Amino acid sequence: MAAAQEQLVSDAHKLFLIVATLAFGWVFYLLAPVLMPFFIAALFAYLGDPIVDKLESKNLSRSLSVSIVFAVLLTVGLVLFLVLLPLLTAQVGALFKRLPEYLAIFQSTTIPWLGSMGFPVEIFDVSSIKQSFVEYWTNVSQVAGSLFSYMTRSGLAILQWLTNLILVPVLTFYLLRDWDEIVAQFRALLPRRYAKQLIILSLECDEMLAAFIRGQLMVMLALAIIYTLGLSFIGLELALLLGVIAGIVSFVPYLGLIVGIGLSGVAAFFQFHEWMPVIMVAAVFGVAQVIEGVVLTPRFVGERIGLHPVAVLFAVMAGAQLFGFIGVLLALPVAAVVMVLLRHTHKRYLDSELYSVDNEQV
């Protein structure tokens, strides 16, 4: 009788956890647009907390340490917003202006060369591509104009945008200041029966996230700088834009190398009409790849990240499809948690009687 009651209570607890998880997921889905500044602030706080802890170990107060880290984050954000963003916007505008010229060069030089190599060049209809580009650019301009007109008419939209712009730094400061206390409160709320195991799982998740997010962001930043400087040395007009794109997509191993060489090589050939700059582009990315493998990845990420490149791509694409930008922010943390849970599930399966019996029969 007692065993039956205990089993009934256990089943009720499991049912409650399932219902609570589904309810939380549904509420999160409904509030996803509103939660964006909170998640961005939480991401910044998560990235800055280890630095705050290191400053505290130097006998600095928590408030002073948070103020220093917050000032650095705010400065970096302002530099990106006020300096880098206008430069990238200018290069994107220059790229769109020169696209018709690039298509003409492609039609006069590349298509005949591909045809001489036996490539089916009839698949390239440059006139249709130009027409599609003109229509697309016209639509984009109309949409941008309509959006700007709407925002100027709607004081609520402007107010919401300004509120989010101010809210992110404010939330980041308070979350960064109280991060350790928030983590301690979450741990205190864990069921005592499972607290030890859940804390171990959370520490493993944090270790994987630290290796991937914090470390990989440093690698991406370093690679973007190396790519931009190298392409600028060659004289490529779109060096900043291409360097930033290659640095961003380098969160997947070798993807930044492939995308960077492809885009930069095409841009170099269309700009200089020679093959030597293309070879120099390949050399820039080759040197950067060596620096990444020898210095950057061992220093910032470590030898083993724990997330397979395919898992990273799937997580980011699935998050974007399901929840938009919020999904992209949450994709890697969720993937890290899933990977840790799968690893523990795999270990428990190997230790279970089911696996042992099957193994003996084989």
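Ring pairs link Phe 70, Phe 173 and Tyr 174 into a cluster, where rings of Phe, Tyr and Trp (its six-membered ring) pair if their centres lie within 6.5 Å, with planes under 30 degrees apart counted as stacked, over 60 as edge-to-face and the rest as tilted. The model is predicted, so that local features need pLDDT of at least 70 and side-chain atom pairs count only at pLDDT 80 or more, while totals for chains, interfaces and linings use all residues. Residues are numbered from 1 along each chain as its sequence is written, and side-chain values use heavy atoms, with hydrogens and water left out.

The structure holds 6 aromatic pairs. One of them, formed by Phe 70 and Phe 173, is edge-to-face, at 5.4 Å centre to centre and 75 degrees between the planes. Because Phe 70 lies in helix H2 (residues 62-116) and Phe 173 in helix H4 (residues 155-177), this pair ties together parts that are 103 residues apart in sequence. The pair of Phe 173 and Tyr 174 is likewise edge-to-face, since the ring centres are 5.6 Å apart and the planes stand at 80 degrees. Phe 70 counts as buried at 18% relative accessibility, whereas Phe 173, at 25%, counts as partly exposed. Tyr 174 is also partly exposed, with a relative accessible area of 44%. Buried denotes under 20% relative accessible area, exposed over 50% and partly exposed in between (1.4 Å probe, protein chains only).

The protein contains 12 helices and 0 strands, both being DSSP runs numbered from the N terminus (helices H or I, at least four residues; strands E, at least two). Of its 362 residues, 28% are buried. Among contacts with a separation of 6 or more, 69% join residues 24 or more positions apart, contact meaning heavy atoms within 4.5 Å.

The axes of helix H6 (residues 195-234) and helix H7 (residues 239-248) come within 8 Å and cross at roughly 150 degrees; axes are lines fitted to C-alpha atoms, for helices over the stretch in contact, and angles run from 0 to 180 degrees between N-to-C directions. H6 is therefore roughly antiparallel to H7 (under 35 degrees is roughly parallel, over 145 roughly antiparallel, 65 to 115 roughly perpendicular and the rest oblique). Residues making the contact include Met 220, Tyr 227 and Leu 231 of H6 and Leu 240, Val 244 and Ile 248 of H7.
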